[in-house]
Amino acid sequence: MSDSGDARLRVAIVGSGPAGSYAAGHLLRHTANELHVDLYERLPTPWGLVRAGVAPDHPKIKSVTNLYERTAEHPRLRLFANVEFGRHVTLADLRRHYHAIIYAVGTPMDRAMGIPGEDLAGSYAATEFVGWYNGHPDFRDHSFDLSGERAVVIGAGNVALDVARMLVLTRAELAVTDIADHALEVLANSGVREVVVIARRGPAQAAFTNPELRELGELSDADVSVVAEELALGEAVADPGADPTALRNVEILREYAMRLPQGRSRVVSLRFLLSPLELTGSGGAVESVTLARNALELTADGSLRARATGERLELGAQAVFRAIGYRGTPLVDVPFDAERELIANVKGRVRRGEYVVGWAKRGPSGVIGTNKKDANETVDALLEDLAAGLLLHPEPIGDAALEQFVRERQPQLVDYGDWLTIDGRERALGEPAGRPRVKLTRVAELLAAIGWGGDD
Ligand code: NAP
């Protein structure tokens, strides 16, 4: 028997992070009543990296979820969370029931440095650390030994700065955030006194942005330090016509280089023109990092590359975090560009009826808002294809029957109402301590908040 909506145009979006949410918003704004969107999400919680990636001490950035909530409340959108693509629903299922599928799955894997000693205990991927302090269920049981005095962060992007900052925030600074409780305890009791951030190129080539760099100079109990000679070395070949972010970064770093230590209990040191060569340690745990001193070299395409000079440095360290970028991972039956480590696509088109947005489309770059323009481009391509009759031809199915089908595959489907219940529970847990929320960090705990026993 059919129910209402047999003739609907249906779009499935896989992933409810910024890219998926912006894609849903644009799609709903630019279509009329016949087009309906189902937003699939692997976890019982929506918003992807806004919940599990943005640092806990950046609540303003997280407030973008207000916008995503408005999209999720749209009458033509349903959230199907706790439903995993490739496990509960397959590509064949979605192609049978939807006119189009949009992948918004991000680039969840970490990049490896590919150097000896990388697998020693105490060597960590920033992706794991970020997932852990943000209470992502996949990382909740990871452990980080922060008993040593010095931690090294490899990479000069915003993730590296997030990691560095989280390692030096005080208990009081952390305690007012939505950091996972397990991480709050470990970080508040950490023995780390110095965090050294290692950039392989010069200050003008660093990937971090101005507000994030400025924040390092405003920490309540950590000084910031920059080696003036390294700044000078990098600046000697810096392009004065470089982009304004780079020029401003250099100005901020110059000011840091002139600062005298203020006697705060911790320090963040920013080092330039150094590449990791090897991690070493007896007894299976990291004890030091060997670094190569680099010079900058102009390449044929006009960019500046790091070239080893032959000089080496040894830095004692008990924890090493690599924050050198993310990479995508293939989805079953979906074309993958192995070289770029992304879903194969041309401006968001994957193949007939399949599209991609966000980091899975263009790689792990840009801030959250960058995904809006990116999602719009893909959705506009989809709408163009719709007008040209170039989408899929699924079997007609009603709204209730389709939901029933998904619920048969995953009886513990979390819909938007269920998420609001979880959200309310987390906020209520945070309230007595003046925190935005206390995150539930296990799938079973999240489901228990909506009255379900059992696991995932
Ligand atoms: P990213 O911005 O691409 O930075 C990666 C850094 O790692 C670069 O400095 C890069 O140096 C370095 N690197 C790469 N391979 C290396 C290697 N083998 N050895 C040493 N260094 C290496 O990536 P991200 O920090 O992961 O950030 C991802 C995106 O999220 C960025 O667009 C970022 O702005 C954004 N984000 C934003 C915020 C925020 O707005 N607050 C917070 C977190 C993340 P080269 O330049 O020399 O390759």
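**Close-up 1. The neighbours of P335 in this predicted model.** Leaving aside residues up to four places away in sequence, P335 touches I343, A344, V350 and R351. To find P335 on your screen, look in the loop between β15 (326-327) and β16 (336-337). P335 has a relative accessible area of 26%, so it counts as partly exposed, since buried would mean under 20%.

**Close-up 2. Helices α6 and α7 cross at roughly 50°.** Here you can follow helix α6 (residues 126-133) and helix α7 (residues 158-168), whose axes come within 11 Å. On the α6 side, the residues in contact are A126, F129, V130 and Y133, and they meet V159, D162, V163, M166 and L167 of α7. Sorted by class, the contact of α6 with α7 has eight nonpolar residues, one charged residue and no polar ones.

**Close-up 3. The buried residues of helix α15.** Which residues of α15 (residues 399-409) are buried? They are D399, L402, F405 and V406. Looking down the axis of α15, you will see these buried residues fall within an arc of 130°, so they line one face of the helix. What covers the buried residues of α15? The cover includes the strands β1 (9-14), β2 (35-41) and β3 (77-81), along with helix α5 (91-97).

Conventions
Residues are numbered from 1 along each chain as its sequence is written. This is a predicted model: local features need pLDDT of at least 70, side-chain atom pairs count only at pLDDT 80 or more; totals for chains, interfaces and linings use all residues. Side-chain values use heavy atoms; hydrogens and water are left out. Axes are lines fitted to C-alpha atoms, for helices over the stretch in contact, and angles run from 0 to 180 degrees between N-to-C directions. Helices (H or I, at least four residues) and strands (E, at least two) are DSSP runs, numbered from the N terminus. Contact means heavy atoms within 4.5 Å. Ala, Val, Leu, Ile, Met, Phe, Trp, Tyr, Cys and Pro count as nonpolar, Asp, Glu, Lys and Arg as charged, and the others, Gly among them, as polar. Buried means under 20% relative accessible area, exposed over 50%, partly exposed in between (1.4 Å probe, protein chains only). The arc is that of the directions from the helix axis to the C-beta atoms.
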